[in-house]
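Please follow this explanation with the sequence and the model side by side, going from one part to the next.

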Amino acid sequence: MTESAAAFHRRIDTALADAALRQALTLTTGRLSGGRTAAFGALADAEACRDDARRARADAVSRLDSHLDQFARAASARGAAVHWAETAGDARRIITDIALEQGVRLAVKSKSMATEEVELNEALQHAGVRVVETDLGEFVVQLGGDRPSHIITPIIHRSRQYVAALFTEKLGAAPEDVADIPAMTALARRVLRAEFLQAGMGISGVNIAVAETGSLCIVTNEGNGRLTTSLPRVHVALLGLERIVPTAADLAAVLTVLARSATGQASPVYTNVITGPRRRNGAPGGLEADEPDGPEQLHIVILDNGRSRLIGTPLEEILHCVRCGACLNVCPVYRLIGGHAYGGVYPGPVGSVVMPGLHGVEGWSELAHASSLCGACRDVCPVKIDLPGLLLAVRREAAAKQLAPFWIRAAMPAYAAVASRPRLYRWAGRAAALLARAVQRGGWIRRLPGPLGAWTASRDFPVPASRSFVEAHQARKEAAR
Amino acid sequence: MTPRSVRVQLFATCLVDQFFPAAGHAAVEVLERCGVEVLVPPDQTCCGQPAFNGGFADQAATMARATIDVLSRTDDPVVVPSGSCADMIVNHYPELFAGDATYGPKAKALAARTYEFTQFLVDVLGVELPASPSGPTLAYHASCHGLRGLGLREQPRRLLRAVAGARCADLPDAETCCGFGGLFAVKMGPLSGAMLDSKLDAIARSGADVVVATDVSCLMHIGGGLHRRASRVRTRHIAEVLADPAHD
């Protein structure tokens, strides 16, 4: 086993031993996936909505180059500055440079997994820019020196009591300020409002960009996204290069399924569509008209960081993902271990494809093995990504690169050789049954040797039949003749 | 049950063949009672799913070719007492041989005439089974690949309701994976064991005497867990229940 795989197994064991984590995960994933089921149940034709969204995303990804060109041209024409970041380092440098050029001392952020991916906060802080997360969950993550463990609900692993203790310690909250969730939210709002008013830069991710208009769609439930993108003088949006759709109608198709999949809401509380910064064009109307509101500058940083490498590979379909988190909420593995155990920015079924996809199977393929391939993720994906198929594709690449444990690499060809030779297979079956009979007790084996001991660590193993079904059936037929 | 002139090939699957022959005999018995002639090709082995799921496509293809050859000697429908192995043949064989001029068409033809056992009984034969006046209380666990790969939702439940009626208990989270997942159970032992624990707790809450599934793989896993817990709950393949619903 590689060191990264061994570390993953250790994190799984730690997570499995954490009863409080289990309780928190069960509660919230159950609530979110139940909400999703109800929201889709209320649609007249949920399948057609998913098909529409899938088509919109597939159209975009199949001609990503031309859509990105169109997007960049349209956004530039409406006053945005478009930057291209090939790597995480490029994204950090571009955004840090903008902040320093503009003399920014404080930046407020709305929730963005892409900024987590490029580790933007650390870079900005290193450059002397204070960064404040304004999504309530991310605010708690930042205060606690924690990491998000879910792509939509970052503190799914934390309890109300944890947040109360944290606010008391870090913010000096009075007991009445942490008495219940509304009080804690009100406290966070007071703290954050002061930061919003002083911030020179707002940093956001992008849920979906629209190629034809150069627009950015950002959805939030707390309104912090709207403040982040409109109040500070400079808005920087970090856009994963695949998060684009061709037209506004395609955006509508995605929005129809996005919040329903994420939280069970028919629509998010705030849906912002941003087309360029404040500007005076003097044109009479439409998208070219004067825009009296918004920041003075809008910088759109388009992030590759390994995404474009996936085009034309067996993993390309993961680029359709809209990051709703539904696959996490229904995954029986995620529900047991939570996001941190996966070790990367993106956890769960989607993360188990994205992490090896972006960063290579060498350090990340073990994630794709942490799935029974039950397919619950595929059933809820709003854009119908064949996640089990993609997990298998990661496993195939890992097997081709000899990353599987030695005993599996040795056992597979041997098993295939035996199973494709019926007589050898029958003989091996009889030998195994004889062997098993020697160690069994009451038809069960309590301890298997070597790697198979992982089975008997938590369950008994049945003894093979002394006579296989095929042989017994033949004997029965002959006896009846 | 009216006699029909239908003949099928039974692909027993390696686990039924080597570990749970009773499920295979029961499948034959139920099919024969429905007037179906059942062939059991003697040189059948494993469909190759363990290798396929492990990412070993070449080894999977070796076993799949052997299976395709064994099951293509006649054009008779193939019945599989496993949703998972049927899913492998129906959905993954065509994908595995997509670019193969010889086995591609063979895989597609085989996929088109392959059915999971309850799917064949309900969707093809349209059988109506008589109710059994007595017998144990049953909890149905929906095996993942049959459920999500083949859309096997109603067929097994309908058959069980027909034979056991009110003795069908409600299993909480019946459509949640038991944690077997083939090599997953060994490679990710603690994780798989924790998933199994949730399933065993749900089974205990259901109050059932017997856990029923379309797949012996899940039942081997659940049964091993029940035995380790010294539970009185037993496991039976759905073919065994249909062949003898009163059996305790």
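The centres of domain 1 of chain A and domain 2 of chain A, taken over C-alpha atoms, are separated by 25 Å. This is a predicted model, in which local features need pLDDT of at least 70 and side-chain atom pairs count only at pLDDT 80 or more, while totals for chains, interfaces and linings use all residues. Residues are numbered from 1 along each chain as its sequence is written, and chains are lettered from A and ligands numbered from 1 in the order in which they are written.

The domain assignment of chain A gives domain 1 (1-36 + 321-377 + 395-404), domain 2 (43-305) and domain 3 (406-480); such bounds come from an automatic or database domain assignment. Where domain 1 of chain A meets domain 2 of chain A, 21 residues of domain 1 are in contact with 24 residues of domain 2, two residues being in contact if their C-beta atoms, placed from the backbone, lie within 7 Å. Helix 2 of chain A gives the most to the domain 1 side, with eight residues; helices here are DSSP runs of H or I with at least four residues, strands are runs of E with at least two, and both are numbered from the N terminus. By class, this side of domain 1 has 13 nonpolar, six polar and two charged residues, where Ala, Val, Leu, Ile, Met, Phe, Trp, Tyr, Cys and Pro count as nonpolar, Asp, Glu, Lys and Arg as charged, and the others, Gly among them, as polar.

How many of the eight residues of helix 8 of chain A are buried? Seven of them are, so helix 8 (residues 136-143) is largely enclosed by the rest of the structure; a residue is buried if 20 or more other C-beta atoms lie within 10 Å of its own, exposed if 12 or fewer, and partly exposed in between, with C-beta atoms placed from the backbone. Among the buried residues of helix 8 of chain A are Leu136(A), Phe139(A) and Val140(A), and what covers the buried residues includes strand 3 (130-133), helix 9 (160-171) and helix 10 (181-198) of chain A. Helix 8 of chain A is followed by Gly145(A), whose phi is positive, near 60°.

Chain A also touches chain B, in a contact that takes 50 residues from chain A and 54 residues from chain B. Helix 20 of chain A gives the most to the chain A side, with six residues, and the residues of that side divide into 33 nonpolar, nine polar and eight charged.

Turning to chain B, one finds 13 helices and eight strands, and buried residues make up 63% of its 248 residues. The domain assignment of chain B gives domain 1 (6-123) and domain 2 (132-243), whose C-alpha centres lie 22 Å apart. In chain B, 29 residues of domain 1 are in contact with 24 residues of domain 2.

Helix 7 of chain B and helix 9 (residues 154-164) of chain B pack at an angle of about 75°, with their axes 8 Å apart; axes are lines fitted to C-alpha atoms, for helices over the stretch in contact, and angles run from 0 to 180 degrees between N-to-C directions. That makes helix 7 of chain B roughly perpendicular to helix 9 of chain B, a description used for angles of 65 to 115 degrees. Among the residues that meet are Leu121(B) and Val122(B) in helix 7 of chain B, and Pro156(B) and Leu159(B) in helix 9 of chain B.

How values were computed: Parallel < 35°, antiparallel > 145°, perpendicular 65-115°, else oblique.
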